[in-house]
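Have a look at the sequence and the fold before reading on.

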Amino acid sequence: MNFDNLMKVIGIKLTPFKLTEEVTVYIKLPSIKDNAEVADPFKAIFYCVVDESGKQVFDSAEQVEKNVDLTIQLKLNNEIGRVFAEAFKPEDVEVK
């Protein structure tokens, strides 16, 4: 089995999200450990918004809450929800 091909299928996916012409962030789904945390919108942004290398952009959920404009918070949470919905489409689940 080719490990690179395997990782393309099972590896962490980064979905680009353009905030402006000059600024693009990436949305990644949280780990199983962090999944319960993302019900909180600030924690969702903290855990799911990363840079092009997959590193978290924010230092804490509190930083998101205190320093990110409401309109950007709403846009980021909307995109996170879209990425979740796309990743878990029922028609993509194989039935055996």
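Start at glutamate 79, which is buried, with a relative accessible area of 8%. The cut-offs here are simple: buried means under 20% relative accessible area, exposed over 50%, and partly exposed in between, using a 1.4 Å probe and protein chains only. Before going further, keep in mind that this is a predicted model, where local features need pLDDT of at least 70 and side-chain atom pairs count only at pLDDT 80 or more, while totals for chains, interfaces and linings use all residues. Residues are numbered from 1 along each chain as its sequence is written, and side-chain values use heavy atoms, with hydrogens and water left out.

What does glutamate 79 form a salt bridge with? Its partner is arginine 82, and the closest N and O atoms are 2.8 Å apart. (A salt bridge, in this text, is a side-chain nitrogen of Lys or Arg within 4 Å of a carboxyl oxygen of Asp or Glu.) Arginine 82 counts as partly exposed, at 40% relative accessibility. Both residues sit in helix H5 (residues 70-87), three residues apart, which is about one turn of the helix. Helices (H or I, at least four residues) and strands (E, at least two) are DSSP runs, numbered from the N terminus.

There are three salt bridges in the structure. In another of them, the side chains of lysine 43 and glutamate 37 meet at 2.9 Å, N to O. Lysine 43 is partly exposed at 30% relative accessibility, and glutamate 37 is partly exposed too, at 31%. Then there's the pair formed by lysine 18 and glutamate 21, with 3.7 Å from N to O. Here glutamate 21 counts as exposed, with 64% relative accessibility.

Now for the sheet. Three strands make up an open sheet in the order E1-E2-E3, with antiparallel pairing. Strand E1 (15-18) and strand E3 (49-50) are the edges, since each pairs on one side only. Two strands pair if DSSP finds at least two bridges between them; strand E2 (residues 24-27) is joined to E3 by two bridges. Isoleucine 27 stands opposite valine 49 in E3. Where does H5 come in? H5 packs on this sheet and touches E1, E2 and E3, and its direction makes about 155° with that of E1. Contact means heavy atoms within 4.5 Å, and the axes are lines fitted to C-alpha atoms, for helices over the stretch in contact, with angles running from 0 to 180 degrees between N-to-C directions.

Over on the surface, Phe3, Met7, Val9 and Ile10 form a nonpolar patch with about 430 Å² of accessible area together. Isoleucine 10 lies in helix H1 (residues 3-10) and is exposed, with a relative accessible area of 53%. Areas come from the Shrake-Rupley method with a 1.4 Å probe, and for residues only the protein chains shown count as cover. Patches are made of residues with over 30% relative accessible area and no salt bridge, joining like charges within 9 Å and nonpolar side chains (Val, Leu, Ile, Met, Phe, Trp, Tyr) within 5 Å.

Finally, step back to the whole chain. The protein chain has five helices and three strands, running α-β-β-α-α-β-α-α from the N terminus on. Its C-alpha atoms fill a box of roughly 45 × 25 × 25 Å, taken along the principal axes. Of the 96 residues, 25% are buried.
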